[in-house]
Amino acid sequence: MSLIPSLFGSRSVYDPFLSDIWAPTGAGEVSSFANAQVDWKESPEAHIFKADLPGLKKEEVKVEVEDGGILQIGGERAVEKEEKNEKWHRVERGKGKFMRRFRLPQNAKVDEVKAAMENGVLTVTVPKVPEKKPATKSIEISGCSEFDK
């Protein structure tokens with residue numbers, strides 16, 4: 001099953017990016033920081049999210065899991081104050097609030113989510129519930145059959 005929308009616009013039944021949202025920073029202004037880039041990979045043990053958040057401290061980032069298995073990554077980069085003797089010539093770095101939301105699969109252990117931040121990269125690890133292997137019962141084979149009597 002594809003998790004990527006087709007060229008014709010229909011989405012798969014399970015689309016984890018369906019609930020992505022952004023947060024405006026003020027009256028009619030969309031944050032240039034709203035589109036925080038996030039990668040999501042799956043290993044046999046966990047779902048791993050990596051978000052590029054350059055210049056942010058871990059105290060400025062919030063990671064939450066909502067009821068229903070929604071992982072929410074958000075935060076805010078504050079606007080630098082202009083000092084009296086300073087004059088800005090150009091401001092290109094993103095600022096403002098951002099929020100990304102991802103619908104987690106059924107096999108996610110939402111009570112065991114861990115997050116770490118290093119060098120401007122946030123890593124969120126969501127362990128998976130181990131797959132249950134079907135129970136197998138061995139049947140003993142006897143040497144003599146009832147039909148042979």
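These legends describe close-up views of one predicted protein model.

**View 1. Confidence along the chain.**
This is a predicted model, in which local features need pLDDT of at least 70, side-chain atom pairs count only at pLDDT 80 or more, and totals for chains, interfaces and linings use all residues. Residues are numbered from 1 along each chain as its sequence is written, and side-chain values use heavy atoms, with hydrogens and water left out. The predictor's confidence in each residue, pLDDT, runs from 0 to 100. Its mean for the protein chain is 77. Of the residues, 72% reach 70 or more. Over residues 1–14, pLDDT stays under 50. The model has 14 contacts (heavy atoms within 4.5 Å) for that stretch beyond four places in sequence. Residues 18–30 also stay under 50. For residues 18–30, the model has 21 contacts beyond four places in sequence.

**View 2. An open sheet of 4 strands.**
Strands (E, at least two residues) are DSSP runs, numbered from the N terminus. Two of them pair if DSSP finds at least two bridges between them. The order here is E3-E4-E9-E8, with antiparallel pairing. Strands E3 (38–42) and E8 (114–118) are the edges, each pairing on one side only. On average, neighbouring strands are turned by 15° against each other, direction ignored. That angle is taken between axes, which are lines fitted to C-alpha atoms; angles run from 0 to 180 degrees between N-to-C directions.

**View 3. The hairpin of E3 and E4.**
Between the two strands lie 3 residues. The strands pair in the antiparallel sense over 5 bridges. Trp 40 stands opposite Phe 49 in E4. Buried means under 20% relative accessible area, exposed over 50%, and partly exposed in between (1.4 Å probe, protein chains only). In E4, 5 of the 7 residues are buried.

**View 4. E4 against E9.**
These antiparallel strands are joined by 7 bridges. His 47 has Val 126 in E9 as its bridge partner. Ala 51 has Leu 122 in E9 as its partner.

**View 5. The largest nonpolar core.**
Such a core is a set of buried Ala, Val, Leu, Ile, Met, Phe, Trp, Tyr and Cys residues joined through side-chain atoms within 4.5 Å. Strands E4 (46–52), E6 (70–77), E7 (96–103) and E9 (121–127) each supply at least two residues. E9 gives the most, with 3 residues.

**View 6. Around Leu 122.**
Not counting residues up to four places away in sequence, Leu 122 touches Phe 49, Lys 50, Ala 51, Leu 53, Val 61, Val 63, Ile 73, Ala 115, Ala 116 and Met 117.
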